[in-house]
Protein chains: 2
Amino acid sequence: MIVGSILALDIGGTKLAGAVVGPSGSVTERVMRPTPATHDENALFAGVLEVLAGGRHKGGIDAVGVGCGGPMEPGGGRVSPLNIPAWRGFPLRSRLADELGLPTFVDNDAKALALGEGWLGAAAGHRDFIALVVSTGVGGGIVLDGRLLDGAAGNAGHIGHVIVEPGGRLCACGARGCLEAEASGPSLAAITGQEAASASPDVVERTGTLVGRAVASVTNLLDLPLAVAGGSVALGFGAPFFAAAQAELDRSCRLDFSRGARIVPAALGADGGLVGAAAVARRGLTLAHGRPVST
Amino acid sequence: MIVGSILALDIGGTKLAGAVVGPSGSVTERVMRPTPATHDENALFAGVLEVLAGGRHKGGIDAVGVGCGGPMEPGGGRVSPLNIPAWRGFPLRSRLADELGLPTFVDNDAKALALGEGWLGAAAGHRDFIALVVSTGVGGGIVLDGRLLDGAAGNAGHIGHVIVEPGGRLCACGARGCLEAEASGPSLAAITGQEAASASPDVVERTGTLVGRAVASVTNLLDLPLAVAGGSVALGFGAPFFAAAQAELDRSCRLDFSRGARIVPAALGADGGLVGAAAVARRGLTLAHGRPVST
C-alpha cells in the first residue's frame, strides 16, 4: 500500500516531540516541549496533545505513530514508561485513537529507532541489523530477514541485558554484568564518580569495548552484519567509542558470516525519534493490510 | 495449505538417515547408515540416495526436506558441511530435486531441529524459543514471532559464538570465550584431558552454567522465554547440567519479560533430525505458497 503522511509522536522521560512526517520522511509542524513534571496521567496526556497541535488538523494524514519508553503491553495498548511515573498501565493507544480519530500504532522507542534508521538512516537498504541506544538506559531494536522482531511480549532487541562481564556490576534488573550495568550513563557515573560526559579516554574505550562485545554476540547469534548506535553516551563519546567497539567486533566476529560486521553511528540525529515513530505507523498500516513488511 | 508426507533426510558427519515423515509426524521407512568415509562427492551422494530407498517410491509424498551440517548457501543451494570434507560447494538441493523430481528444501541441522521441536517436540505450541545443540559443536535455531529466523546468510541461531567468558579460551573461529570454545565436547576434552562423557560434576555444572549464561543473554535480547537443548553433551550430562543451566537463567533473567525463562531437554530424541528435516520442507512449501508460516 502507499502510505501518506503520519502524525508522529516521540514520548520520552525528558521531552515530548510531535510532527508530521511525510511519505519521504520530511519532518514538518515540529513541536517540542519538556515532559511535564506531573503525577497526573491526564495532565501528561494533555501535554502530549499539545505537541501535536501543529499537525493534527492537517489533511492527508493516514495514521498516528508513537515511539514511547517501555515497558508496555505488546502493541502499546497500555504503557508504563520507566521514566514517566505518571503513566502506569496508561491506555495510550486507545486514548490517542479516540482523540484523533486515526489508526494509531505504538511501539517502544528503541524499536522505533530501528525502524527509522532502516527507513532513512544508517541502516537504509539493509535487511538485517540492530539499532541500539546507549544513554540513560541501553536498549535496541532488531530487523532480521527484513522484519522488525517483536518477541513474546514485544521487547525483542533489549541488548542492555546481554551479559558482557560475568559476575560484574549489579544491574538494576537484579542480574550481574549486563551491558546496561556497565555502559549506561548512570552506570558510568556510579563507576567513575563523575558524569559520563567527563569520562576519561580509558572509560570511553572500555565502554566501546563492552558495547562491541554485546554487539559481537548478537552478530554471531543472529547473522546480522550491521549495528547502528545512537544515544547520548555513544554519540557523545564519538569516534574513540566507535573505534573501540569496532575493534572488539573485529576480534570477536570471526565466523565466515560475521567477519566484517560493522558498528556505525545512528544517522537521523535529533529527528530520529519522530522519523522512527512515523515508521512504527507505516509498519502497522502495512501489516494491517496483510502485505509484506518492508522493514 | 495441507501438506502430505515428506521424504526426510538427515545428513551428519557420522551418520545418514532417511525416512518418510507423515503429516502428523509419524516416521516410517527409516533407513540409517554411517556416513561413507569418502572424498568423492558423487560416492557420498550415492550413499545419501541409499537411505532414501525405503521411501522414495512411496505415493503421497509432497516434497523432500533435508537437514545438513553447515555452512551452506542460504537455502542450501550449495553445501560445505564442516565434518563432511567430500562436499565443498556441493549442489545438494538441485541434485536431489533432479534425482527425485520433487520440491526440495535444505537447511542447516540446527535450524531443522528448532522447526522439529516446535512442531512436535519440547517447544510445540510455542511461538518464541531457541533450540540448541551442545555436542561436537554448539549450534542452534531460533523461532521468534512464530517464524524461524534466517539471518543475512541463513545462519541465525548460532549460539555457539555468543561470548560467555571474555578473554577466555581461544575458539576454532579465532575469537576468545565463545560458548563453543568452553562447552562443546572437544573443548571439554581439551580443557579436562578426558572425554566429555567422563566429566566430573564440577565440569558438568560449569558447562551448564555457561550454556545458561548464553541462553540468558538470548532470552533478555530477544524476549524469548524458552530454550530447548539437545546434543550429546547436554543430554549426556542430563539433569545436573539442566539444573545448573536453569539456575543461571534464574540469576540472569530478571526483567519483567524474561523472569521465569526455562531451559528444557529436547524431546524428539533419535528421530529429531528426521522430523526436523521434514519440518524444513513443510516450512518451505508453506512459504512457497505465500501463506503465513506456522513455525
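# Reading a predicted two-chain model

Analyst: Chain A averages a pLDDT of 95, and 98% of its residues score at least 70, where pLDDT is the predictor's confidence in each residue, from 0 to 100. This is a predicted model, in which local features need pLDDT of at least 70 and side-chain atom pairs count only at pLDDT 80 or more, while totals for chains, interfaces and linings use all residues. Residues are numbered from 1 along each chain as its sequence is written, chains are lettered from A and ligands numbered from 1 in the order in which they are written, and side-chain values use heavy atoms, with hydrogens and water left out.

User: Where does pLDDT stay under 50 in chain A?

Analyst: It stays under 50 over residues 291-295 of chain A, for which the model has 14 contacts beyond four places in sequence; contact means heavy atoms within 4.5 Å. For the model, the scores are ipTM 0.94 and pTM 0.95.

User: What makes the two copies related as by a two-fold rotation axis?

Analyst: In general, two copies of a chain are related by a rotation about an axis and a shift along it. Here chain B can be laid on chain A by a turn of 180° and a shift of 0.0 Å along the axis, with an RMSD of 0.1 Å, the superposition being by least squares on the C-alpha atoms of residues with pLDDT of at least 70 in both. The two copies are therefore related as by a two-fold rotation axis. The same surface serves both copies, since 98% of the contact residues of chain B recur in chain A.

User: Why is A:G151 called buried?

Analyst: Buried means under 20% relative accessible area, exposed means over 50%, and partly exposed lies in between (1.4 Å probe, protein chains only). A:G151 has 8% relative accessibility, so it counts as buried. This residue lies in the loop between strand 8 and helix 4 (179-183) of chain A, and, not counting residues up to four places away in sequence, A:G151 touches A:A156, B:D128, B:L144, B:D145, B:L222 and B:D223.

User: Why does A:H126 count as partly exposed?

Analyst: The relative accessibility of A:H126 is 33%, so A:H126 counts as partly exposed. A:H126 is found in the loop between helix 3 (109-120) and strand 6 (129-134) of chain A, and it touches A:L226 and A:R262, leaving aside residues up to four places away in sequence.

User: Is B:T35 buried or exposed, and how do you know?

Analyst: With a relative accessible area of 13%, B:T35 is buried. B:T35 is found in the loop between strand 3 (27-34) and helix 1 (41-50) of chain B, and its contacts, not counting residues up to four places away in sequence, include B:G13, B:K15 and B:L44. A polar atom of the side chain of B:T35 also lies 2.7 Å from the backbone oxygen of B:G12.

User: What caps the N-terminal end of helix 1 of chain A?

Analyst: A:D40 caps that end, with a side-chain oxygen 2.8 Å from the backbone nitrogen of A:N42. A polar contact is a pair of N or O atoms within 3.5 Å; within protein, one must be able to donate a hydrogen and the other to accept it, and residues adjacent in sequence count only if both atoms are side-chain atoms. The buried residues of helix 1 (residues 41-50) of chain A are A:L44, A:F45, A:G47, A:V48 and A:L49, and they pack against strand 1 (5-11), strand 2 (15-21), strand 3 (27-34) and helix 2 (92-100) of chain A.

User: Which strands stand at the edges of the sheet in chain A, and why?

Analyst: Helices (H or I, at least four residues) and strands (E, at least two) are DSSP runs, numbered from the N terminus, and two strands pair if DSSP finds at least two bridges between them. Five strands of chain A form an open sheet in the order 8-7-6-9-10, with mixed pairing. Strand 8 (147-148) and strand 10 (262-265) of chain A each have a single partner strand, so they stand at the edges, with one side of each left without a neighbour in the sheet.

User: In which sense do strand 6 and strand 7 of chain A pair, parallel or antiparallel?

Analyst: Strand 6 of chain A and strand 7 (residues 138-144) of chain A pair in the antiparallel sense over six bridges, and the bridge partner of A:F129 in strand 7 of chain A is A:V143.
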